[in-house]
Amino acid sequence: MGLIKKRTTLKLGINYFNMHSITFIHEERTWFGWKRKELFERSLPANWNEMDDAFFCLIAKHFFGGAKGDDFVIEWAKLPKKVANGLKRYVVLDIVALISPLFERPVSNTVFINEVKIKQKDKVLLFEKINGSMSDMSFAQFADADAFVRAYSETKDEKNLRGLAAVLYRENSREKYDSRFVEYRIEMMRYANTDELKAIHLNFICLLNWLADTYPLLYTKPSLMNGDEIEFTQEPSSPPDYINLVHKLAGPKLGTVDQVEQMPMGYVFWLLCKKD
């Protein structure tokens, strides 16, 4: 039998759900003219609202720190090995080009990572998210999380990634945030999946950009640089002085500093802008 040649091409479109519709067309040919074609249909999110936690984790895993797109496409599309081996470089770049505009400046108030699984010895601990949306977390919790994000941006120390997760997630979803338990949870986060921790960091970057758009009087917009290759670098917005903000609101009407710190973060920012 003649030598078999393989190639995988793309057909792009928009499906019923307004997501990118991608068809992988895999062909095998021989010198004798025999041809076989297989089609593999996949959908790719076109905006933040279409992402689920699995896709968000995949994005953070492959693009956090400048990874190349080949592995992302193969893992996302779950293609048979023979099809993946036939992918040309331009096919990978075409797919990445569809999602890269989302990460020129990621903006979202959505919680993409709903839980963090901690595997330690023979048990699994589940750290539930504190609230349904990022802006519902307490102001004190937000300020502590923000500090870990900025520390990681400066040092790249993974302990700060664990610290961010330790602030945002906990065992009991009804428990109020208490900074005294953060150090304990940081140690527990040693057993968390690093890809999930990176996704949580990216999720918080999305929130900071959302804050810069929603409360421009309090935040300055961050700069964002794209590398020559498939690389996304997120830099947090410049933070306001959280301590002074809390003291500015505290008083007879809203309560003590401690009471203000326990208010939802989004509500505190709204009050500050209304007050100004």
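This is a predicted model: local features need pLDDT of at least 70, side-chain atom pairs count only at pLDDT 80 or more; totals for chains, interfaces and linings use all residues.
## The largest pocket

The largest pocket holds about 240 Å³ of space. Its lining includes Asp 52, Ala 54, Phe 55, Cys 57, Leu 58 and Lys 61. Glu 75, Trp 76, Lys 78, Asn 193, Asp 195 and Glu 196 also line the pocket.

Three helices each supply at least two lining residues: α1 (53-63), α2 (69-77) and α8 (194-214). Helix α1 gives the largest share, 5 residues. By class, the lining has 6 charged, 5 nonpolar and 1 polar residues.

The whole structure contains 4 salt bridges. One of them pairs Lys 61 with Glu 75, with the closest N and O atoms 3.2 Å apart. Lys 61 belongs to helix α1 and Glu 75 to helix α2, so the pair ties together parts 14 residues apart in sequence. Both residues also line the largest pocket.

Lys 61 is partly exposed, at 33% relative accessibility. Glu 75 is partly exposed too, with a relative accessible area of 32%.

## Salt bridges elsewhere

Arg 150 and Asp 146 form a salt bridge, at 2.6 Å from N to O. The two residues lie 4 residues apart in helix α5 (residues 139-155), which means about one helical turn separates them. Both Arg 150 and Asp 146 are buried.

Arg 190 pairs with Glu 187 in another salt bridge. Here the closest N and O atoms are 2.9 Å apart. Glu 187 is partly exposed, at 38% relative accessibility.

Notes: Residues are numbered from 1 along each chain as its sequence is written. Side-chain values use heavy atoms; hydrogens and water are left out. On a 1 Å grid over the protein atoms alone, a cavity is a set of points where a 1.4 Å probe fits but cannot get out, and a pocket is an open set with protein on both sides within 12 Å along at least five of seven lines; lining residues have an atom within 4 Å of a point. Grid points are joined across faces, edges and corners, and a volume is the space filled by probe spheres set on the points. Ala, Val, Leu, Ile, Met, Phe, Trp, Tyr, Cys and Pro count as nonpolar, Asp, Glu, Lys and Arg as charged, and the others, Gly among them, as polar. A salt bridge is a side-chain nitrogen of Lys or Arg within 4 Å of a carboxyl oxygen of Asp or Glu. Buried means under 20% relative accessible area, exposed over 50%, partly exposed in between (1.4 Å probe, protein chains only).
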